[in-house]
Amino acid sequence: MLLATVAVPAIAHDASTAVASPRATYNLNPGWRSTTGEQAGAEQPGFDDRQWHDVTLPNAFNEKEAFARDIKELSTGIIWYRKRIVLPAQGPGGRAFLEFEGVRQAAEVWVNGQSVALSENGSMAFGADITAALRPGENLIAVRVDNDWKYKERATGSGFQWNNNNFDVNYGGITKNVRLHLTGPVYQTLPLFSGLGTIGQYVWADAFDVKARTATIHAQTQIRNAGATSRKIGYRAEIRDRDGRVVRRLDGGDATLAPGETRLLTAAGTAENLHFWSWGYGYLYIVTTILTENGKAIDSVDIRTGFRQTKFADGMVSLNGRVIQMHGYAQRTSNEWPAVGVSIPPWLSDFSNGLMVESGGNLVRWMHIAPSKQDVESADRVGLIQAMPAGDAESDVTGRRWDQRRK
């Protein structure tokens, strides 16, 4: 059976629900087929997967073992996933990107039998430009996952410091969301440095006046011209409160991009009557970064974020002008639940992270390695301060493992 992609409302920085543009984001979670064990030729479109079972992502083949076994005893092996998609007939006509929020441990990705990505660290989100691998009509995405505790990096033979069975729970498979992004020839890049080498959007605030409820908001975006001709592009940003009202528009001017050029565009301005994000008060704004041409929006991206003033001085931490005593939890980054492991919906992340706030905790120190994108966004929503360590195993790293940790 042919499974076509289905558009869903995009969240966070994937596309915009505030300002319409040709850019489109598709949820690729439904409609995969999966099996375990080596499968010669499974990356090829003609491979027969009719005996495989149907799964919806996020999915780990051993997720039902969660809390039933010690994490050192979780099953390991090779897991295959395959999905067929049909691209929309009238797309934006530019680039196509796959986004994987997380795969554990190592994943090789093919599109129509062509290898497009290899991610081995088992932690970071990663992306792939699949434009050249696509073809009209049906397309096949295949993913081979290896969740061996002793997995070695192909290029160096080195293991990874955080692939450690003392704390990093090993749920094998595509354990996070997968999306397809379709953009025009001139587009804002994705914040997926792993795989794509791009940084996307960055929004921050400074020049706070907490009493007057003002701050200067900066909205930066990385854009690229993948077309064959120079393009004069306008840039602006719009800030909306959580009721959808525009509270500030920022003008970033115009820029002419040569073919193949990548550039950072910025806009800034003072916003008034701000609600400052705080402990237990996860007030978030939507900042939409918008590329225009001849007055028309050609690429729009939403960033959901909050604004807060922080300071560390004289041995004290201040939040929005008030000293705050830090206390909370050291939570295992997997943050898993029985029978489903790490493949949980956002509302369950909000429930568990909200429990920390309700119990009086204002800080979560994620243990040993940075958390998932879903948990980062969840902590923002519930008003929970986060500390995010680089990967370690409670021991020093040297050589290649130090390089892996820095990246």
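**Reading the labels: cavities, buried residues and cores**

User: How does the lining of the second largest cavity divide by class?

Analyst: Three of its residues are nonpolar, two are polar and two are charged. Keep in mind that this is a predicted model.

User: What makes each of those residues nonpolar, polar or charged?

Analyst: Start with the lining itself: Phe167, Asp168, Arg332, Thr333, Ser334, Met367 and Ile369. Phe, Met and Ile count as nonpolar, so Phe167, Met367 and Ile369 go there. Asp and Arg count as charged, so Asp168 and Arg332 go there. Thr and Ser fall among the others, so Thr333 and Ser334 are polar.

User: How many cavities make the count, and what volumes do they have?

Analyst: There are two cavities of 30 Å³ or more. Around the largest cavity sit 14 lining residues, with Lys176, Val342, Ile344, Ser372 and Gln374 nearest its centre. That lining has three nonpolar, eight polar and three charged residues.

User: Is Asn335 buried or exposed, and how do you know?

Analyst: Buried means under 20% relative accessible area. Asn335 has 5%, so it counts as buried. You'll find Asn335 in the loop between β23 (328–329) and α2 (346–358).

User: Why is the link between the side chains of Asn335 and Asn353 called a polar contact?

Analyst: The distance is 3.4 Å, and the cut-off asks for N or O atoms within 3.5 Å, one able to donate a hydrogen and the other to accept it. The pair therefore qualifies.

User: What about Ala339: buried, exposed or partly exposed?

Analyst: Ala339 has a relative accessible area of 42%. Buried is under 20% and exposed is over 50%, so Ala339 is partly exposed. Ala339 is in the loop between β23 and α2 too. Leaving aside neighbours within four places, its contacts are Glu63, Lys64 and Ala66. The C-alpha atoms of Ala339 and Asn62 are 9.1 Å apart, though 277 residues separate them along the chain.

User: What makes a group of residues a nonpolar core, and which residues have the most contacts inside the largest one?

Analyst: The members must be buried nonpolar residues joined through side-chain atoms within 4.5 Å. The largest core has 29 residues, and those with the most contacts inside it include Tyr81, Leu98 and Ile141. Strands giving two or more residues to this core include β5 (78–86), β6 (95–100) and β10 (138–146). A second, separate core has 27 residues, among them Ala237 and Phe276. In soluble globular proteins, nonpolar side chains tend to be buried together.

How values were computed: Residues are numbered from 1 along each chain as its sequence is written. This is a predicted model: local features need pLDDT of at least 70, side-chain atom pairs count only at pLDDT 80 or more; totals for chains, interfaces and linings use all residues. Side-chain values use heavy atoms; hydrogens and water are left out. Helices (H or I, at least four residues) and strands (E, at least two) are DSSP runs, numbered from the N terminus. Buried means under 20% relative accessible area, exposed over 50%, partly exposed in between (1.4 Å probe, protein chains only). On a 1 Å grid over the protein atoms alone, a cavity is a set of points where a 1.4 Å probe fits but cannot get out, and a pocket is an open set with protein on both sides within 12 Å along at least five of seven lines; lining residues have an atom within 4 Å of a point. Grid points are joined across faces, edges and corners, and a volume is the space filled by probe spheres set on the points. Contact means heavy atoms within 4.5 Å.
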